[in-house]
Amino acid sequence: MMTHEYIYWLIIFLLVISYVFEQYLEFLNHKSLYSPIPECLQDIYEPSMLEKQRAYHNDYYRFELKHECLFFFITLIVFAFQLLGKLDIWLRSYIQHEFLLTLTFFSISGLIAYLLSLPFTYYETFIIEQKYGFNTTTKRTFLTDQLKSIILTILIGIPLLWIIFHFYSSLGEYFWIYAWLVVLAFSMFFTFFYSKLIVPLFNKQTPLPEGELKDTIRNFCFKVNFPIREVYVIDASKRSKKANAYFTGFGKFKRIVLYDTLIEQLQTDEIVAVLSHEIGHYKHKHIIKTFVLSNVQTLFTLYILSLFINQKEIALAIGTHVPSFHIGIISFGILFSPISTIISIGFNYLSRLYENQADEFSFKNNQSDALIKALKKLSRTNYSHLTPHPLYVIVYYSHPPLYERIKQLSRYECHTN
Ligand SMILES: [Zn+2]
């Protein structure tokens, strides 16, 4: 066999193995939905609600099974029959300009992938989430969300692609270092201005109005020495009834955001407890640490990418004769996938560690009881999976499972009878 034939079969093998691995994890996690519920979580769902929660997860499981299966077969066909290589050859007969070629290649393949996934997004929102009473998105909001996302992808994606492509064609071997600097500048810009530029396109953020809640929050922030200017409320209720809170940005641009649904569902002491957890993230500098690490990861990824671009054997495996920027990126996406899975497992591990540290901050500030109450309430209203499979948690969970958080917050062993 020639080298490019080995690469061809390696791509097919990686596609199959990652599909099987993911489906196996989904299966394990689905089965563990029926595991006995730990005693400290038994007050979350009454029997009738537990039935509904299981039906909800069942529906999702079957939906994802079909969704993933279809996408797997499409991807397999694309690479087995070397359709992207054929697309590249076909486009080359019309377009001579190399960047225009790359742009057209990504636009066509991206558009097809988007159009294929759109019915599934629609089904998820308007059939499943609707059926269980979570959805509040109107058809109009759905449509405008899609349009805004497309425009945003074009506005950010094309300049970024253009800059990196030009570094690639003019700087050769060391283009990855310059490309990294550009990505770094972009990600810094968006970390700083995410709340001010991106969020307002999709949601309204308003300062928390004066009143009992704001006073209690102010007192707590003063007590824990957290320099707060404003807490923002976001109108998440225009899309879903599910509740959350988050912390973004750093330096002068940091911001705590509460979902309006959170304020509706929780009592004042519970909201303060959730806020104390978010302040915990700030005190431990989690945003900056994650930012630095993910940029180191980008540097590593770009370096590996530079090894893939311009390899004739890889281009032949994809089905074209000319190595190029876009063929390099496509093949890299698959050949690098085992490593990127390992990296993402590492990041999730770190994220769960950070969540523990943020919870620990709440514990030290006497917020445990209220935080436990809040987490239980949120799990109930979000129909959370209470007994996720340990392997599934390791691979996908950015937060520790609820029983582990409660165990830590209450210093209490939470057993399964
Ligand atoms: Zn957190």
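Does Asn-295 count as buried or exposed, and at what relative accessibility? The first legend takes up this residue of the predicted model.

View 1. Asn-295 lies within helix α10, which spans residues 286–308. Its relative accessibility is 5%, and because buried means under 20%, Asn-295 counts as buried. When residues up to four places away in sequence are not counted, Asn-295 touches Trp-180, Leu-184 and Ser-187.

**View 2. The open sheet of four strands.** The strand order is β1-β2-β4-β3, and the pairing is mixed. β1 and β3 (245–248) are at the edges with a single partner strand each, so one side of each has no neighbour in the sheet. On average, and with direction ignored, neighbouring strands are turned by 30° against each other. Strands of a sheet pair through backbone hydrogen bonds, in either the parallel or the antiparallel sense.

View 3. β2 covers residues 231–234, and both of its faces are covered. In a regular strand, side chains alternate between the two faces of the sheet. In β2, Val-231 and Val-233 are on one side, Tyr-232 and Ile-234 are on the other, and all of these are buried. Towards β4, Val-231 is opposite Ile-256, and Val-233 is opposite Leu-258.

**View 4. Packing of helix α14 against helix α16.** Two packed helices are described by the angle between their axes and the distance between the axes. For α14 (residues 368–382) and α16 (residues 402–410), the axes come within 9 Å and cross at roughly 165°. Because angles over 145 degrees count as roughly antiparallel, α14 is roughly antiparallel to α16. The crossing of α14 past α16 is left-handed. From α14, the contact involves Ser-368, Leu-371, Ile-372, Leu-375, Lys-376 and Ser-379; from α16, it involves Leu-402, Arg-405, Ile-406, Leu-409 and Ser-410. By class, the residues of this contact comprise six nonpolar, three polar and two charged.

**View 5. Packing of helix α9 against helix α14.** The axes of α9 (residues 268–283) and α14 are 8 Å apart, at an angle of about 95°. Angles of 65 to 115 degrees count as roughly perpendicular, and α9 and α14 are therefore roughly perpendicular to each other. On the α9 side the residues are Asp-269, Glu-270, Ala-273, Val-274 and His-277, which meet Ala-370, Leu-371, Lys-373, Ala-374 and Lys-377 in α14. This contact of α9 with α14 has five nonpolar residues, one polar and four charged. Leu-371 of α14 takes part here and is also listed in the contact with α16.

View 6. Gln-265 belongs to helix α8, residues 260–265. With a relative accessible area of 22%, Gln-265 is partly exposed. Which residues does Gln-265 contact, leaving aside neighbours within four places in sequence? They are Lys-241, Ala-243, Lys-377, Leu-378 and Thr-381. Gln-265 and Leu-378 are separated by 113 residues in sequence, yet their C-alpha to C-alpha distance is 8.1 Å. Lys-377, one of the residues contacted by Gln-265, is also among the α14 residues that meet α9.

Notes
Residues are numbered from 1 along each chain as its sequence is written. This is a predicted model: local features need pLDDT of at least 70, side-chain atom pairs count only at pLDDT 80 or more; totals for chains, interfaces and linings use all residues. Side-chain values use heavy atoms; hydrogens and water are left out. Axes are lines fitted to C-alpha atoms, for helices over the stretch in contact, and angles run from 0 to 180 degrees between N-to-C directions. Helices (H or I, at least four residues) and strands (E, at least two) are DSSP runs, numbered from the N terminus. Angles under 35 degrees count as roughly parallel, over 145 as roughly antiparallel, 65 to 115 as roughly perpendicular and the rest as oblique. A crossing is left-handed if the near helix is turned anticlockwise from the far one by less than a right angle, and right-handed if clockwise. Contact means heavy atoms within 4.5 Å. Ala, Val, Leu, Ile, Met, Phe, Trp, Tyr, Cys and Pro count as nonpolar, Asp, Glu, Lys and Arg as charged, and the others, Gly among them, as polar. Buried means under 20% relative accessible area, exposed over 50%, partly exposed in between (1.4 Å probe, protein chains only). Two strands pair if DSSP finds at least two bridges between them.
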